[in-house]
Each structure stands twice: as C-alpha cells, then as structure tokens.
Amino acid sequence: MSLILILEQILNGLQFGVMLFLMAAGLTLVFGVMGLINLAHGALYMVGAFAAAIVAAWTGSFVLALVASLAAAAAAGALVELLVIRKLYDRDHLDQVLATFALILIFSEGTRWVFGSFPLFLDVPSYLSGPISLPGGIEYPLYRLTIIAIGLVVAAGLFWLIARTRIGIQIRAGESDREMIAALGVDISKLYTLVFALGAALAGLAGALVGAIQSVQVGMGEPVLILAFVVIVIGGIGSIKGAMVGALLVGLTDTLGGVFLPQLFGLFMEPASATSVGASLASMLIYILMAAILLVRPSGLYGGQH
Amino acid sequence: MKTLTTMALATAVSALAMSAAAETKIGMITTLSGGGAGLGVDVRDGFMLAMEQAGRDDIEVVIEDDQRKPESAVQIADRMIQSEKVDIMTGIIWSNLAMAVVPAATAQGVFYLSPNAGPSALAGKRCHENYFNVAWQNDNLHEAAGAYANDAGLKNSYILAPNYPAGKDALTGYKRMYQGDLAGETYTKMGQTDYAAEIAQIRASGADSVYFFLPGGMGISFLKQYADSGVDLPVVGPAFSFDQGILQAVGGAALGIKNTSQWNKDLDNPANTAFVAAFEQKYERLPSLYASQGYDTANLILSALNKADVDDKDAFRAALKAAEFDSVRGDFKFGDNHHPIQNIYVREVIQEGDVFTNKIIATGLENHADAYAAECKM
Amino acid sequence: MNREKLLNTAVILLLLAIPLWAHMAEEPFLITLATKVAILALAGVGLNIALGIGGLVSLGHAAFFGIGGYAMGILAAHAQNYEPLAEWPMLIEGTNQMPVIWLVAVVASALAALVIGALSLRTSGVYFIMITLAFGQMLYYFAISWTAYGGEDGLSIWVRNEFPGLNTLVPLEFFLICYVILCAALWFAARLARAPFGLALSAARQCEARVETVGITPYQLRLTAFVISGAITGLAGALFADLNRFVSPTMLSWHTSGEIMIFVIIGGVGRLFGPVIGAALFILLEHLLGGISDYWQIYLGGLLLIIVLYARGGVIGAISGREVAHD
C-alpha cells in the first residue's frame, strides 16, 4: 500500500473525527453543565439535516440551508428544553434516559409522519464539489476539507466561548456549583435553555453538513449518537477538550481499522474469510478501544468528578 | 387500574375475535413504520391497487406492520394463522424476516407469496410447495449485473457490500456471472454512512469499474460521496439503490448509472402501461419496483382465485403455479421451485424534467432462473 | 395486605386466568401474547435486580437477552442438523431439550455479565450507562457479521424445543412453563431483596460509604447482582427465542435494552411486580395503538413521557400511593 493512500486514509479518519466532534460537543456540554444525559441528541441532528434539505430545495442556497439547520435545531432544542428537559435536571439518570428515549420515538415517527418514509435530497453545493489536489498528489474532496475546517473553527469558537466570555464563566461556574451562581443573581434557567439550544444547534449543523454527503432520512441520528457517546466516554464526560481528542481517536481507529484489519488478516488467512473476519473485528474495534481506555482511566481521558 | 386493564384486554379480545364473513382471507405483514417503511408502503399500495381494481368483496386483506423486527413478524404471523385463520400470506420485505416467518407458515398449510425477499435457502434446500416467490431470488439482479459487466467489456471490478448474509449473497451472485478479475472485494459495516476509506481504496486499486450492493441510506451515502470524490469509473448496481423512491434523494449523483431490474415503468406491455397510469393517478407519485411487485402478487392471487377455491389446496397451488395473469413485467412464469423465470433488464438513470427515473437500455439475462433450483426437492 | 400486595396478587392471577380462558375459548393468539408478557416480565425481573435494588442503570441488558436467545438458537440448530457443536477437545452435540438449553443460556449470559460487569462497574453513573450500551452494541455488530449462525438473517428453528413430559407446541403448555419460571424468579427476587445480600446492595445504592464501613466491598456486591441479573435476563432470552422459534441480532440491539428498561419503569422501579405490570401494559399498548395508526410510536413516546414526568414510581406507585418500597 502506497504512502499516499495511507495519508489519504488518515485524512479520512480526521474528517470523520471532526464530524463526530460536532455531534459530541453539544452532548458533552449539556452533560457538563446540566448533568443531563440526552439520548435525543441524535434527533436534533436529524432535525438539522431535514431543515437544511428543505431550505436548500426552496432557495437553492447551501449557506441558507446551514443557517436553517442551526436555527431549526436550536429552536427545537429550546422548545424541548422548556417543555420536557427542564423537569429532568433534578431527576436521576434513569428518568433522563427514559424520557429522552421517548423523545426519540416522538421525533422519529413525527418526522416520518410529516415528511414521509423516503429520504430527502441534499447535495454539496457546486462551488464545494469535486476533488482538489493536495501537496503530494492526494486527490481529496474539497467538501470534506471544508468539513474539517468548519469543525476546527467551531472547536476554536467553543474553547473561546468557554474560556473568555461572560457566558463561558457562567457555564463553568454552573458546572462546579449550581446553587452558588443562582444565588449570585444569574438566571440559571435561562442559562440552561441557552446551553441546551447551543448543543442542539451544533448537532443540527453536524446533521446538515453530513446530510449533504449522506442520506437525509428518519433515524439517521441513532448510529451517530452511539458513536458520539463512545467519544465522550473516552474523552471524559463534560470536557470539550476530551470530546475533541476522543472524536479524533474514534475517527482514526474506525477508519484505519476498517482499511487495515482485513489486509492484516489477509497475511495469514485466505482472502475471502480475511475480508469477512477483518470487517467483523473492525466493526467492534472502537468499543474495544473504549473498554481499554476505561480500564486504565475509569472516567475517561479528561474526565473530572462527574 | 385493574378494571381498566380488564377492559382494555376485553377490547383486545373482541378486536381479535372480529372476523368478517369473507371467503378468502389474505394476511399481509409488511414494514410500515421506522426505517425502510417506504418499501413496505409501496408493496402495500401496489397490492391494494390491484385488489381495488378487481373489486371483489369476497376477499379480505388484513395488513399489519412488522416494524422490520423479525420477532414482531413471527408473532403477527402466529396470530394471523391461529386466530384470524388466513389462507394466504404475503408482504414481507426483508430476507431475515422472511426466513423467520415463511417456513413455519407454509408448514401450517398457509400459502405464502413473497413480494420482495428471496433468500437462497427458500429457493433451494428449504423450498416448499406452498411458497411462491413473485419477485426474484436474491441473487438474480446481481447475476444480471455480472452478465452486463461482461457485455460491457469490464475486466477489473472493485466490488463491495455490507458485511451481512444478503451482502455476501450479492457479491457471490455477481461473481457467478462475471468473468473478469477483481481489483478488490470489501465488506463494509452494516449501516455505515461514510465511505471515504472505501472510495480511496477504489481509487488506488486500479479497477476499471465498481459494483456495489448497499441498500437504503447506505447506497445514497455511497453514491453522493463517490460522485464528489472525482473517481469516475463506471458504477453498476442492483435496482434497489436506484429505485423511484430513493432516486430523488441521490439526485444527480446517480445520473447515467447502469442498474439491473426485472421491471421498469417504460416496459412496453398493456398491463404495465395501465398499472403505471393507475398508480400515478391514485397515489400521485410514480410507482417503484416494490409497487410493481406488490401489484403482480395481488394479480397472481386473483388469477388463481378465479380458477380454484383456496380451500382446495392442490387445485389452488396448481393455479398459482400456472401464473396465468398479465404481469407488468410481460412474460412471467414459475420454475419448478416456484421462483420466477424472467428477463432481467439493464436500466440507466435519466432525468425527466425535475424527476430522476430509469430507462431500459439492454437485457442483462433472458429467461433467467435462479442457481438454487436444482437443490429444491419438491 | 396492603394495596400493592393486593395489586400484585390480582396481576399474577389475571396473567394466569386470561390464557386459561383463552384456551377454552380457542383464542390461541391471546395465549401467545400472555406468554410474551411472562417472558418479557422475566427479563424485566432480571434487570430490576440490577436497576431497582442495585441502582445500576444498565442500557446493555439486550446483550444477555440476546446471548440467551443465541444459546437456544445455536444448540437447537445443531440438534436439527445433527452436526456436533464441537468435536474437539470433546464431542459436544446440539440439543433440543429445554432444561439443557436453559442451563447453557444461564451460564453463558452469567459469564458475559461477569466480564461486562467487571469492566463496567469500574465506572459509575453516566459512564456505566454508556459503557453497558457500548458492550451491547459490540455484541450486536458481532452477531450481524457472524455468518456461521445466520448473521443478520438470524437462525430459525423448525419446531419448538422439548420439555420432558409436556407438549411445548400446545400454546397453553408452553405458557405454563414460562409462567412457572416467572413465578420462581419473582419468588427468588423477593427473597434476594430481603436477604442480607439484597439489603447490603440496597444500602450500597443509597450510601456507598455506609456499606464500606461495615467491611463490605460495594464492587463485589454489585458485580454479583449484575451477574444474577444478567443470568435471569439470559434465561428470558432463551424462552423468547423459543416462543418465536427464531433468534436474530435484533434481540441484541439497544432498542431492546431500552424496551426492557421501559417495562421496569412503567411498572415501577424496584417494585417486585413492576416488570410484570410494565410488560403487560407495554404489550397491550403496542397492540391497541398499533391498530390505530401507522405512527403509533408517537403516542407510545408521549405516554412514556407522561409516565416519567408525572407518574413517578410507575403504575404501582400511582396506585399504591407510596414511595418506592423495598420491604
């Protein structure tokens, strides 16, 4: 296998990792600040993708579609927070799991009820489509590079938001002592709605970005949701930095495992069973990675006291 | 609460006990909710269109949603057979659900007509006199794709499918007919949505063509990403990733791609013309492959009911086997293992106005039977 | 007798009475439904030991349910093909005898629970939820790609397995087998909750430090509870597979884990009969709502939300009007 192919696969792994980060960032933020485990995060991802597909079909503008995905997911997130999630902060994780599982059912079937059972169309805009040549002769799709760039910008923005802004101070204060910041006159319920909507908007953006190169359909959020859980567990729940590291680790492991394991098995097995056994093992690889990391660090790489 | 439970149970019981006086009862188990519901909806709509056209009030159709869960399908089948005493069953979309339901149903004396799934076991070793497949044996479309690859002079294919039984059958089917070399063979994760790694492999492999079987959302993702990658090798696939329901979501990325199917809306025969027009009028959308299969299944049942009573099982079975109905596919007949012997066409994805659809460009395999018929001892 | 006990008695008698009536009224499908309730309740009873008494929110119990199912599927498939399971180091044949299958299902799922539990219990809280979920998914993907036993297609069995002295093909007789096992499991769970082990486990959930001061390691307590819990859920999996004469990776999916958890919660967490009432209501809802609309899962979701938000303590809590009872 040539070096260029290996480099290209590493790039693919990075890009997958960045997509996972967008998804995991909101999840870990909501957990860090409100202590809430939200299974319905994948539903917000789906809302973003659907909103983008509809607006793109109306206006033909991909930028407007991205804006719509942010707005729709944030609105859906805020609504859900006000109606349901708000009542769950004081509950144990069990109630949270169940209530958000119920939300998945409502969102998925509700979306199918409104938009039907067939996937929607959303495409990469013409100015971002097609490959470009990178140094070293790698032909790489421009759109995937754009995803990497957007993901890195969002990550930087989040770090800035949390480290440098007033809201960030409140968020960090909320993570360490809820009663205290309420006593200091911060409107805690408004802050929670805001954080939840922010997390939802990130998921929606991820859904729209990914939707352009994947299938926009009901249930699209669930496989990603489980991967995002793996990411934040590896990184340490509540840590944005952990989510970034975890996402890149999972992205690289999954991509490279899928490529190299079958070839590795091919060295000492016949080709047909090697591809099959290798593919089976590759599909379990990230879970094995997670178990291994938790063995060494039970609260993830950057986990605190949660 | 206790009274409430009792009342609710009583309602459930009376609902079950309610059985009309229809002479023939057909049970349809299909996927109407969750992912993949589009296929079930199409089969149901095609089937019911034919039933409506026949206008017979002595046939009752009971429709149930299996949620694509084999366990639910088995339980619904048990109920239909034991409580509702259906004579004929149909509707299942997925091979794994068919494998769970069909052997038990046919063993209990019920006729089963498959409008979509055609697992190899049911065509070969575990074939049954009461089981008829109206669609295809699972390998058929893939075999036709392999044959087409030879005709088109493709010599070095890269082939990929998900790592599950139907995926392996698909690649086996392709290789059965295809005579060239393989540049690579990859099994992807079930439900995988990102194919960047596979596309990079394809680019590096030196292949001259790609064959893929990735049903549902997987195929949409693959096609979009493939189109965006700049790899411009010709792609061939089975109809499932290029069918009416799914094609609009793939969009321009599918244009020009060759795919194999036993049916298309431009097939020139009176039954098909009438079907396409009636379907569009009633449901305000173009019919899909699945709708055509549902429609054929219903018409096959109707043709057999016109000749024999369903209670006279031998006569009814012979009437089904004769398959004397106007199939939207044109010529249609059953082989000895009750699977179709039919033409499989090569279609090309085209654009008609705003709508993406297919046109037939060649015949991939003529009067093709499946590879398992010889294993069937019936 | 307090109201909860009255309710429990009524439920368990009703669960027996309905199939008996259905048998006489020749409504075999109602018996199948009741059997499903009994089996799913059994899975819930298993989960309830970890969840209700131990406070271990496992979102991966589908793993044990599925392992039980595959124990049945694999043994029965080998028995019907007359192919031995292994010839080396010793000859192992398949079997179609339920007691043997149950034993294998219980041992296999207990072993899996031991491994998964030993790793997962190093964490707690949300980490525990996620890691159990991930282990479940890992087995799910493995089963899908494991073509030797059908992969995604699953394995189907021609005839239901046998139980000495009974004809399991008669719906009522198979129901009675499941019913008796459910009763035994309920009895066992009640004994367990009151035994020193159960009390210590419950205490560890409420206040870990208190248990440690009397010299008990919470980790070992929880691991034991997790293994017992997994084993019971595994047994339910074997019965469920036999009910359907079929096993597939769907049994291992995380939706299954979610559903088992729903039974427990609808009924009432930590209540002995919570899973029974929860499973019965769930099956009933599935059938009533399923008849109303293709989109019935919306209603199911709404109902679940209402129960979680407004009916804490589940149905039993709402009726008996007391906070969670562990007596």
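How many helices and strands are there in chain C? I looked this up before anything else in what is a predicted model, and I noted 13 helices and two strands for chain C. I then turned to its radius of gyration, which is 20 Å and close to the 20 Å that the globule rule gives for 327 residues, so chain C is as compact as a globular protein of that length. The C-alpha trace of chain C spans about 55 × 50 × 40 Å along its principal axes, and 59% of its 327 residues count as buried. When I took the contacts in chain C between residues at least 6 apart in sequence, I found that 75% join residues at least 24 apart.

For chain B I recorded 13 helices and 13 strands. Its radius of gyration of 21 Å agrees with the value near 21 Å that a compact globule of 378 residues would have, and its C-alpha trace spans about 65 × 50 × 45 Å along the principal axes. I also noted that 62% of the 378 residues of chain B count as buried.

Next I looked up the largest nonpolar core, which has 359 residues, and in which Val230(A), Val101(B) and Leu42(C) have the most contacts. Helix α2 of chain C, residues 28-53, gives the most to this core, with 18 residues, while domain 1 (2-138 + 269-341) and domain 2 (140-264 + 344-374) of chain B each supply at least three residues.

Which residues does Val230(A) touch, not counting residues up to four places away in sequence? I listed Val250(A), Ile286(A), Tyr287(A) and Met290(A), together with Ala134(C).

How values were computed
Residues are numbered from 1 along each chain as its sequence is written. Chains are lettered from A and ligands numbered from 1 in the order in which they are written. This is a predicted model: local features need pLDDT of at least 70, side-chain atom pairs count only at pLDDT 80 or more; totals for chains, interfaces and linings use all residues. A nonpolar core is a set of buried Ala, Val, Leu, Ile, Met, Phe, Trp, Tyr and Cys residues joined through C-beta atoms within 7 Å. A residue is buried if 20 or more other C-beta atoms lie within 10 Å of its own, exposed if 12 or fewer, and partly exposed in between; C-beta atoms are placed from the backbone. Helices (H or I, at least four residues) and strands (E, at least two) are DSSP runs, numbered from the N terminus. Domain bounds come from an automatic or database domain assignment. Two residues are in contact if their C-beta atoms, placed from the backbone, lie within 7 Å. The radius of gyration is taken over C-alpha atoms; the globule rule is 2.2 Å times the number of residues to the power 0.38.
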